[in-house]
Amino acid sequence: MEIKLLDLDDDAEPRGYADVRIAAQTVDRPGEQASSQEQIIESLREASPDFSEFIRLVALRAGEVVGIASVGLRERLAIGSITVHPRYRRQGIGTALLEALLPELRGREALENRAVVKGSAGEHWALARGFHVTASRVVQRLTVADVEPDSWELTAPAGYRVEQWIGEAPEHLLVSVASTRRAIHDAPDPGRDPEWTPELVRAEEAEDQAADVEHRVVVAVEEATGRVVAFTNVRLYPNDVEHTVWHDTVVAPLHRGRGLARWVKAHMLRWLLADKPELARIDTGTASANSPMIRVNEALGFVTTREVVVVSRSV
Ligand SMILES: CC(C)(COP(=O)(O)OP(=O)(O)OC[C@H]1O[C@@H](n2cnc3c(N)ncnc32)[C@H](O)[C@@H]1OP(=O)(O)O)[C@@H](O)C(=O)NCCC(=O)NCCS
């Protein structure tokens with residue numbers, strides 16, 4: 001068996017890479033709509049605002065791609081997964097890919113996979129190969145065609161108004177956007193969110209703009225103070241108009257329990273669907289212990305599709 005960096009210019013390797021992804025998804029996530037070979041190959045050529053670089057490996061046996069590794073690099077962290085074609089599992093290929101991958105992760109502290117299906121081969125393998133479970137999450141999906149938009153028509157909680165923008169936060173709201181976003185650290189599983197400051201908010205906006213990503217934000221402003229007290233954001237990628245991932249929703253501590261999260265999310269849904277009728281699916285991930293957020297999403301029409309674990313090991 002040979003393990004090498006994926007060659008995007010090769011005739012066969014990108015197709016073999018995509019075929020492993022498709023075959024694995026059919027087995028590991030049945031019922032989920034699989035991407036086509038063309039979509040997967042196209043995505044290999046795209047940059048991502050979330051990562052500075054990607055490392056992709058293929059394991060070849062008699063010229064056939066039997067396993068792949070795909071990892072995005074951040075300054076101190078590598079995030080991604082190793083996948084072996086279902087026909088070739090339990091033969092040490094996953095382990096060999098991991099061993100080939102680790103030296104490529106120069107200087108990163110940890111390798112993480114954020115979406116291993118709970119109780120799956122992937123979780124068992126990861127635990128056998130030095131990973132630890134660091135969080136447990138539910139994945140929820142909104143299928144637009146299945147939802148009655150009436151459930152997004154909500155009355156404003158008294159004392160608040162909604163504001164929305166694409167791209168840059170208005171200057172007079174910037175400080176309170178950052179302070180509201182810092183409250184993401186109250187989540188049971190805050191991940192690696194930064195300590196948001198006005199500068200970091202501006203830096204994120206600039207990155208999205210440079211990557212041609214449409215970053216939509218809806219906030220609730222407290223009328224009495226003019227400050228942002230609830231925040232939610234969604235990113236729309238130019239190459240994937242039917243699908244998106246919902247990122248953060250945060251309510252400042254003193255304003256919780258008043259329906260603000262549901263209200264700003266409902267407003268975002270109405271705004272998105274009015275402008276983007278082609279949007280068919282929205283996915284979101286939440287800590288399993290975060291029942292308030294899970295319930296808000298359910299009230300808006302999201303359905304829990306699976307439970308996943310985050311696994312991490314040192315590099
Ligand atoms: C996880 C995955 C990559 C493992 O690939 P693999 O080539 O079958 O794994 P290996 O042969 O190297 O397995 C090494 C050890 O992991 C453990 N393991 C692997 N699969 C397992 C399973 N289904 N049940 C229990 N333990 C398992 C075993 O201890 C195994 O050693 P053994 O076969 O001598 O008992 C493969 O199952 C896969 O592609 N899953 C879907 C993608 C995924 O979830 N990736 C997450 C990892 S980042």
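Helices (H or I, at least four residues) and strands (E, at least two) are DSSP runs, numbered from the N terminus. The model described here is predicted: local features need pLDDT of at least 70, side-chain atom pairs count only at pLDDT 80 or more, and totals for chains, interfaces and linings use all residues. Residue numbers start from 1 along each chain, following the sequence as written.

Twelve strands make up an open sheet of mixed pairing, in the order E1-E2-E3-E4-E5-E12-E6-E11-E10-E9-E8-E7. Strand E1 (2-5) and strand E7 (160-166) each have a single partner strand and stand at the edges, so one side of each is left without a neighbour in the sheet. On average, neighbouring strands of this sheet are turned by 25° against each other, direction ignored. Two strands pair if DSSP finds at least two bridges between them; strand E10 (residues 243-251) and strand E11 (residues 281-287) run parallel and are joined by three bridges. Within these strands, arginine 281 of E11 stands opposite histidine 243.

Helix H1 packs on this sheet, where it touches strand E2 (53-61), E3, E4 and E5. Contact between two residues requires that their C-beta atoms, placed from the backbone, lie within 7 Å. The direction of H1 makes about 85° with that of E3; axes are lines fitted to C-alpha atoms, for helices over the stretch in contact, and angles run from 0 to 180 degrees between N-to-C directions.

Two residues illustrate contrasting surroundings. Isoleucine 68 lies in strand E3 (residues 64-73) and is buried, because 26 other C-beta atoms lie within 10 Å. The term buried applies at 20 or more other C-beta atoms within 10 Å of a residue's own, exposed at 12 or fewer, and partly exposed in between, with C-beta atoms placed from the backbone. Beyond its neighbours within four places in sequence, isoleucine 68 is in contact with Tyr17, Val20, Arg56, Leu57, Val58 and Thr83. Serine 314, by comparison, is placed in strand E12 (residues 303-314) and counts as exposed because it has 11 C-beta neighbours inside 10 Å. Leaving aside neighbours within four places in sequence, serine 314 is in contact with Glu109 and Ala110.

Helix H5 (residues 174-182) has as its buried residues Ser176, Val177, Ala178, Thr180 and Arg181. These residues pack against helix H6 (198-210), strand E8 (214-222), strand E9 (227-236) and E10.

The ligand has 22 residues around it, of which Arg89, Gly94, Ala121, Gly122 and His124 come nearest; a residue is near a molecule or strand if its C-beta atom, placed from the backbone, lies within 6 Å of it. Helix H1 (13-28), strand E4 (77-84), helix H3 (93-101), strand E5 (110-117) and helix H4 (121-128) each supply at least two residues of this shell. H4 gives the most, with six residues. The shell divides into nine nonpolar, ten polar and three charged residues, where Ala, Val, Leu, Ile, Met, Phe, Trp, Tyr, Cys and Pro count as nonpolar, Asp, Glu, Lys and Arg as charged, and the others, Gly among them, as polar.

Finally, the domain assignment of the protein chain gives domain 1 (2-108) and domain 2 (142-308), with bounds that come from an automatic or database domain assignment. Their C-alpha centres lie 31 Å apart. Four residues of domain 1 are in contact with six residues of domain 2.
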